[in-house]
Amino acid sequence: MPQAVEKQRTISFSPPDITEAEIQEVAEALRSGWITTGPRTKELEKRLKAFTGADGFACFASATHAAEMCLRILGIGPGDEVIVPAYTYTASASVVCHVGAKLVLVDTLPGSFEPDYDAIAAAITERTKAVIPVDLFGRMVDYDRLFAAVESKRDLWHPETDWQRCFDRVIVVADAAHALGATYKGKPAGTVADFTSFSFHAVKNFTTAEGGGLAWREGIDSNAFYHECMLWSLHGQNKDALSKSKAGAWEYDIVFPGYKCNMTDMAAALGLVQLDRYPGMLERRRQMIERYQRNLADAPVELFEHYTADSASSGHLMITRVVDALPVLRNAIIERMAESGVSANVHYKPLPLLTAYRELGFSIQDFPNAYTQFANEITLPLHTQLTDDDIDYVCDVYKQAIEDVLLGRGFGGEDDLDAMFAAMAGMF
């Protein structure tokens, strides 16, 4: 039985953790005169390269830009196919649509948020150029199984550009938006996949307000790839503002009509201080997850396993699943928690449930495992401004909400229940 919930407090879902140190560094960037891409952005790239252990690192305006520019540099486009898990946020898949390639979705493993590795292997054709695994919630996927899947179809690999010819099998472009600081078998995110995109959005563990980065491991000409990243992120211009600022160095060329998605020095200033604090923030997230685990040990919920023998998560999201609950019950629990001041969320609606992907021809009926994982998922607040008492309060509210809803106290009567179940039936 849940304990009586204490006097109501307000628990935000995921506010940024900003201190006076970040504010001061951003102010210094403003005073310096460099507010677009400049010395702070270059310093952040250098430090993130060292932090991840990657062979190269480039900053962009977002993780979506990082992933899309990676695909474009690799020459992936119309006529090509890219495999993406159905259980993810739209950004993992939208970049495939942006470059004009064919999006191929695969289901998750039964009872798991990880992609079905056999389904990935089965989906590879002669037109497949990349697979985008998603390191959901901060934990990296099983890269041994993933690479075994792509290696098993090496005979179907047909590279068509110089960058593609650096590889002898389908290229792995990881979406690690959640996973900066995570490790797989001791190797940091950024060194395992061929390419890895990271998000520094305001709700992420490490933030530059808006921003992202792309890391790559050994096996390609790192300097040349970095140069390509800079060209694609700044109109195809062969000099950035910092280079042009040198005396007499105004001359530039446009090599091709590129995009505009460079990081600013104001964003990088925020990131530089965040990176100083980040090891401590990661440790605090682990402590909070362990407290959640202890508090919810007697609740009818399944908890996502962030830390395993093979991997250490960045602890980005506190993922839970209410055992045997249907979506209508899950939604009622979230509403009941909100009445007690606790903001909860759902991560994520599988892509085939979204209009954009239904209109591309995808049906949720083809992804039953992804739907099952989504149907009763509830994400609890997890951020480094939470106190231990806050976590205890969230857990008490959560357990009370589950009890109220499962006992029927969360509904207005049988008519309301019938209406909500009918609405759920319409999702199919």
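A crossing of two helices is called right-handed if the near helix is turned clockwise from the far one by less than a right angle, and left-handed if it is turned anticlockwise. The exercises below use a predicted model.

**Exercise 1.** Determine how helix H1 and helix H9 are oriented to each other, and which residues meet where they touch.

*Solution.* Begin with the axes: those of H1 (residues 20-32) and H9 (residues 265-295) come within 8 Å and cross at roughly 150°. Next, compare this angle with the cut-off, since angles over 145 degrees count as roughly antiparallel; H1 and H9 are therefore roughly antiparallel to each other. As for the handedness defined above, H1 passes H9 in a right-handed crossing. Finally, look at the residues in contact: Ala21, Glu22, Glu25, Val26, Ala29 and Leu30 on the H1 side meet Asp265, Met266, Ala269, Leu270, Val273, Gln274 and Arg277 on the H9 side. Sorted by class, this contact has 8 nonpolar, 1 polar and 4 charged residues.

**Exercise 2.** Classify the aromatic pair formed by Tyr143 and Phe147, and state whether these residues are buried or exposed.

*Solution.* The model has a count of 18 aromatic pairs. In the pair of Tyr143 and Phe147, the ring centres are 6.4 Å apart and the planes are at 40°. Because planes under 30 degrees apart count as stacked and those over 60 as edge-to-face, this pair is tilted.

**Exercise 3.** Name the residues that form one aromatic cluster.

*Solution.* The cluster is formed by Trp163, Phe167, Phe195, Trp216 and Phe225.

Terms used:
Residues are numbered from 1 along each chain as its sequence is written. This is a predicted model: local features need pLDDT of at least 70, side-chain atom pairs count only at pLDDT 80 or more; totals for chains, interfaces and linings use all residues. Side-chain values use heavy atoms; hydrogens and water are left out. Axes are lines fitted to C-alpha atoms, for helices over the stretch in contact, and angles run from 0 to 180 degrees between N-to-C directions. Helices (H or I, at least four residues) and strands (E, at least two) are DSSP runs, numbered from the N terminus. Angles under 35 degrees count as roughly parallel, over 145 as roughly antiparallel, 65 to 115 as roughly perpendicular and the rest as oblique. Contact means heavy atoms within 4.5 Å. Ala, Val, Leu, Ile, Met, Phe, Trp, Tyr, Cys and Pro count as nonpolar, Asp, Glu, Lys and Arg as charged, and the others, Gly among them, as polar. Rings of Phe, Tyr and Trp (its six-membered ring) pair if their centres lie within 6.5 Å; planes under 30 degrees apart count as stacked, over 60 as edge-to-face and the rest as tilted.
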